[in-house]
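Dear colleague,

Please find the structure below, handed over for your records. My notes on it follow directly after.

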Amino acid sequence: MSVPAAHAADLLMQLSNPARLQAFAELVRLGDQGASIGELSYRLDLTKPQTGELLGRLVGAGLATGSGDGYYRARADILREAAQALDRTQPIAPLLAGFPQLKSYFAHGRLTSLPPTMSERYQQTAELFARFLAIEGVLTEDEVNAKIAVAADDVAAVRRMLVETGWLERDRAGTSYGSARVPTEA
């Protein structure tokens with residue numbers, strides 16, 4: 001497991017506790033105003049020691065801050081930062097950085113939708129996947145599918161897009177695939 005993945009898993013583990021999640025949600029709701037242990041105890045209907053324990057765990061995980069004024073505030077941005085760090089570890093992320101116009105078709109390193117078939121972005125998406133797959137030689141359909149599945153759920157649609165745009169060739173039986181052209185250096 002990568003460091004970003006381990007960090008994200010730790011944050012989610014901390015928030016998997018219903019009481020901690022409720023405390024975090026309340027701090028997020030209160031925004032910059034934050035809350036003291038007493039106020040949060042009242043809002044959560046918990047004792048001060050129980051609330052202190054929850055806040056200690058949230059602060060320890062980096063999900064909240066405690067200040068000298070006795071107020072605790074949520075760090076909701078930490079979840080966004082963890083998600084972005086995870087996104088950067090996705091195998092297609094380095095290539096996607098070279099195609100910023102395609103980012104709206106991806107979420108967390110996975111293709112979520114295809115652009116319209118006749119559009120320039122459809123061609124660009126095909127090129128991005130051709131670079132990502134970097135097919136050398138002849139592959140079976142299962143091998144091509146396995147490579148595509150790393151970054152897309154609709155494997156058949158991506159495979160079809162690659163064939164339609166001329167990046168991938170298939171034999172007449174449709175069981176073997178090879179690169180139809182080599183992407184130029186970007």
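Does Gln22 count as buried, partly exposed or exposed? Gln22 counts as partly exposed because its relative accessibility is 45% (buried means under 20% relative accessible area, exposed over 50%, partly exposed in between, with a 1.4 Å probe and protein chains only). This residue is found in helix H2 (helices are DSSP runs of H or I with at least four residues, strands are runs of E with at least two, and both are numbered from the N terminus). Gln22 and Gly60 are separated by 38 residues in sequence and by 17 Å in space, C-alpha to C-alpha.

Please note that this is a predicted model, in which local features need pLDDT of at least 70, side-chain atom pairs count only at pLDDT 80 or more, and totals for chains, interfaces and linings use all residues. Residues are numbered from 1 along each chain as its sequence is written, and side-chain values use heavy atoms, with hydrogens and water left out.

Helix packing

The axes of helix H2 (residues 18–30) and H3 come within 11 Å and cross at roughly 115 degrees; axes are lines fitted to C-alpha atoms, for helices over the stretch in contact, and angles run from 0 to 180 degrees between N-to-C directions. H2 and H3 are therefore roughly perpendicular to each other (angles under 35 degrees count as roughly parallel, over 145 as roughly antiparallel, 65 to 115 as roughly perpendicular and the rest as oblique). On the H2 side, Gln22, Ala23, Glu26, Leu27, Arg29 and Leu30 meet Leu40, Arg43 and Leu44 of H3 (contact means heavy atoms within 4.5 Å). By class, the contact of H2 with H3 comprises five nonpolar, one polar and three charged residues; Ala, Val, Leu, Ile, Met, Phe, Trp, Tyr, Cys and Pro count as nonpolar, Asp, Glu, Lys and Arg as charged, and the others, Gly among them, as polar.

The axes of H2 and H4 come within 10 Å, crossing at roughly 75 degrees. Here Ala19, Arg20, Ala23, Phe24 and Leu27 of H2 make the contact with Leu54, Leu55, Arg57 and Leu58 of H4. This contact of H2 with H4 has seven nonpolar, no polar and two charged residues.

Ser41 is placed in helix H3 and counts as buried because its relative accessibility is 5%. Not counting residues up to four places away in sequence, Ser41 touches Leu46, Thr47, Lys48 and Thr51. Asp45 lies in the loop between helix H3 (37–44) and helix H4 (48–60), and counts as exposed because its relative accessibility is 70%. The phi of Asp45 is positive, near 60 degrees, in a residue other than glycine. Most residues other than glycine have a negative phi. His108, in the loop between strand S3 (106–107) and strand S4 (110–111), also has a positive phi, of about 55 degrees, although it is not a glycine.

Nonpolar cores

Of the 27 residues in the largest nonpolar core, Phe106, Phe129, Ile148, Val158 and Leu162 touch the most other members (such a core is a set of buried Ala, Val, Leu, Ile, Met, Phe, Trp, Tyr and Cys residues joined through side-chain atoms within 4.5 Å). Helix H7 (120–133), helix H8 (141–149) and helix H9 (155–164) are the elements that give two or more residues to this core, and H7 gives the most, with seven residues. A second, separate core of 18 residues includes Leu15, Leu27, Leu44 and Ile78.

With kind regards
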